[in-house]
Amino acid sequence: MKEYSALDVCKDESNPPTAGKAIELDSETTPAIAHDQRDGEGKGDGARGSWGGWLEFILSVLGYSIGLGNVWRFPYLCYENGGGAFIIPYLIMIAFVALPIIFLEMSLGQFSSLGCISVWRLSRLFKGVGFAMTSISACFCLYYNIVLGYCIYYLVVSFYDPQPWVGCDHEWNTENCFERGSRVDEVDGPLAANSSASTLPPYATATATAMYGWNVTTPANMTRTRVRASEEFWKRQVLGKSDGLHDLGAIRWQLLLAFLAAWALIYVCVSRGIKSSGKAVYFTATFPYVLLFILLVRGATLEGSMQGVLFFITPDFKKLGQAKVWQAAANQVFLSYSPGWGGMHTLSSYNKFNNRCYRDAFIFCISCFCTSIFSGFVIFSILGFMAYDSNTNVEDVVDAGYGLAFVAFPEAVTRMWLPQLWSCLFFFMLIILGMDSQFVCLETLITAIIDELADVWPNARRWKGRLIFATCFVMFLIGLPLVTEGGIYVMELLDWYVAGFSPMVTAMSEVLIVSYVYGVKRVVRDIEAMLGFTPSMYWQLCWMLFCPALLTFIVVFAFADYEPPKTADYTFPPWADAIGWCLASIVLVYIVVYAVYYLCRESGTFVERLRRAVQPSPDWGPHLNVNRVKAGYAPLPGRGPYPKINTSDKEDAICLPASDLMTKQMTSDIDLDHHQDESIV
């Protein structure tokens with residue numbers, strides 16, 4: 001009887017693996033390497049670690065993307081871009097961009113059990129996309145931790161009685177400071193906010209501004225800008241805000257300690273990899289919903305809350321004709337759902353091989369959307385009360401981003417009974433939400449480094465704990481400019497360019513490469529082997545057409561309608577704009593430079609090198625040999641037992657893609673004996 005090798009039989013990549021056949025495992029054929037084996041069929045790599053259960057994975061995914069952007073950014077964007085009408089472009093971006101990319105990234109990570117860099121073994125020329133994703137996550141992890149530092153600082157001072165943002169008699173207050181009065185206080189007019197405001201003459205005119213208090217014009221035509229007490233605390237005491245990015249100033253010791261505490265907290269939670277962070281998410285991913293519900297109940301019982309909610313949901317369909325509304329929806333989707341960041345590859349790489357990741361993608365996207373809407377009701381119910389209590393309009397108390405979290409909301413809680421309680425709950429919730437995102441961003445960076453080092457240094461995984469500590473310490477040192485008096489400008493510059501433009505480029509590169517270079521047919525075949533069903537045409541059209549088209553539209557419009565970064569009171573100079581574009585361009589630099597490097601180190605003509613470079617590497621595919629054979633890939637040494645194929649029919653041999661075949665030495669390892677009653681899966 002002649003032995004037929006899978007390497008000899010299947011030279012045509014177009015032949016699918018034979019389905020419906022049973023596998024007989026041969027544990028003697030390839031002895032597994034203990035430290036590289038998995039914990040049984042379908043589980044994660046024992047050396048890399050694996051989730052303790054499905055719930056750990058889904059909670060980690062939810063915690064990763066449901067963060068501060070859902071609480072303070074989405075409600076403001078919704079109000080600013082058509083209220084309830086903003087939901088339409090937001091849902092379209094979720095359905096045709098976020099959901100397909102999330103499912104694709106989960107599938108790739110789970111199929112290969114690799115992080116966002118090593119997963120590009122599927123097309124080696126484009127490994128730079130993985131480096132770009134890692135750099136985005138690292139940069140975001142760096143400046144996001146200072147936001148956690150702000151929240152920690154506010155949480156500590158929330159216990160004070162009175163709280164430090166109350167009143168205008170502190171050393172950091174100026175003569176322009178004022179406190180918004182309540183409806184009870186304002187018996188003499190809208191400016192009777194405190195003693196200094198109530199002494200203004202009756203003929204003074206005042207105009208409320210959306211974010212920064214009052215402009216008071218006196219008969220002598222002298223204009224004084226009234227600044228809220230909570231805003232002066234934020235800018236002058238917490239930040240010690242300098243005049244601009246050119247003046248970083250001294251380190252703020254309060255922020256330095258809070259920043260150090262934030263990194264220490266993150267390190268403790270991720271020090272043992274997903275074994276520790278996987279347990280932490282049971283609390284960090286669920287408790288914020290408890291706090292949001294408590295705040296919603298409290299907000300709903302306040303006078304004027306319905307005014308704020310109606311202001312949040314009232315639709316303005318005319319704004320749907322503005323391209324910037326669709327751009328805002330896309331930006332929020334990329335910030336909130338995190339496609340193109342590399343985190344989804346990392347989290348799903350610790351899954352079982354046959355985990356139903358398509359279900360997880362739907363659960364994640366629906367949960368993230370509902371959380372954004374829920375947060376909007378919470379925030380605007382409280383802002384509605386604040387507007388009612390200060391006898392003004394809701395738009396006059398609405399603030400964006402950091403202003404909402406650190407100016408408007410602290411002022412709102414001072415008007416409630418037990419302000420210390422509500423302030424502590426709010427900032428504790430923000431800390432937990434931020435920690436979840438930090439867990440995954442840091443794990444994305446660590447996993448990418450470890451996966452790459454493991455190829456050249458087998459003991460790399462044993463040093464993971466030390467690597468995590470070293471990474472946290474180095475990023476703390478790099479982040480010291482963020483705790484200076486000009487640190488807020490550094491953070492806003494990073495947030496403007498790194499978190500906005502860059503993920504769109506990586507996500508668009510990913511779907512184009514996977515769809516047209518690796519091939520949609522290959523993706524469908526891999527998913528079918530992993531999940532047992534063929535992805536519908538909806539997924540394939542989204543990957544090949546809808547995602548690239550929508551992302552191209554958003555990126556082109558962003559360039560056409562580009563404005564230099566600015567905040568309410570500061571416009572970044574041209575040289576800062578140039579630095580920002582250099583940071584954003586690093587994404588393209590990674591992709592292009594690595595492709596050039598890879599082609600230069602190969603031998604042969606340019607066409608030969610290019611043809612080899614776009615093909616998957618020989619070790620691309622599932623980790624375990626039993627899954628590799630099931631998916632139609634050649635088994636590898638040290639990946640556990642693989643099927644002993646028994647057949648006399650040459651056509652029944654395992655059909656492996658030619659691009660994944662191993663060298664001739666693997667041929668002798670595959671034993672093909674006659675066995676009538678068994679078939680191949």
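Biologist: Is Cys547 buried or exposed?

Modeller: Buried: this is a predicted model, and in it Cys547 has 0% relative accessibility.

Biologist: What's the closest cysteine sulfur to the one in Cys547?

Modeller: That's the sulfur in Cys542, 5.4 Å away, which is too far for a bond. A disulfide needs the two sulfur atoms within 2.5 Å.

Biologist: And Cys139, where does that one stand?

Modeller: Cys139 has its closest cysteine sulfur in Cys141, but at 9.9 Å that is too far for a bond as well. Cys139 is also buried, at 16% relative accessible area.

Biologist: How many disulfides are there, then?

Modeller: The count comes to one. Cys168 and Cys177 form it, with their sulfur atoms 2.0 Å apart.

Biologist: Left-handed or right-handed?

Modeller: Left-handed, because the torsion about the S-S bond of Cys168 and Cys177 is about -75°.

Biologist: How accessible are the two partners, Cys168 and Cys177?

Modeller: Cys168 is partly exposed, with a relative accessible area of 27%, whereas Cys177 is buried at 2%.

Biologist: Switching topic. Where does UniProt put the "binding site" feature?

Modeller: The UniProt entry, which is unreviewed, lists Gly63, Asn70, Ser336, Leu433, Asp436 and Ser437. They're spread over 375 residues of sequence, yet they cluster in space, with a largest C-alpha distance of 13.1 Å.

Biologist: Let's pick Asn70. Which helix is it in?

Modeller: Asn70 sits in helix 3, residues 68–80. It counts as buried, with 1% relative accessibility.

Biologist: What does the Asn70 side chain make a polar contact with?

Modeller: With the side chain of Ser336, at 3.1 Å. So that's a contact between two residues that UniProt lists under that feature.

Biologist: Tell me about Ser336, then. Which helix, and which residues does it touch?

Modeller: Ser336 belongs to helix 12, residues 323–337, and is buried at 2% relative accessible area. Leaving out residues up to four places away in sequence, Ser336 touches Ser65, Ile66, Asn70, Tyr90, Cys368 and Ser372.

Biologist: Last thing, helix 17. How far does it reach?

Modeller: Helix 17 covers residues 464–478, 15 residues in total, and reaches 21 Å from first C-alpha to last, close to the 21 Å expected.

Biologist: Which residues of helix 17 are buried?

Modeller: Lys464, Ile468, Thr471, Cys472, Met475 and Phe476. Looking down the axis of helix 17, these fall within an arc of 130°, so they line one face of the helix.

Biologist: Why would that spacing work?

Modeller: An α-helix has 3.6 residues a turn, so residues three or four places apart point the same way.

Technical notes. Residues numbered from 1 in each chain as written. Predicted model: local features only at pLDDT ≥ 70, side-chain atom pairs only at ≥ 80, totals over all residues. Heavy atoms only, no water. Helix = DSSP H or I, 4+ residues; strand = E, 2+ residues; numbered from the N terminus. Expected span 1.5 Å × (residues − 1). Buried < 20%, exposed > 50% of the residue type's maximum accessible area, 1.4 Å probe, protein only. Arc of directions from axis to C-beta. UniProt positions renumbered as here; feature names shortened; annotations may be inferred. Polar contact = N/O pair within 3.5 Å; in protein donor to acceptor, adjacent residues only side chain to side chain. Contact = heavy atoms within 4.5 Å.
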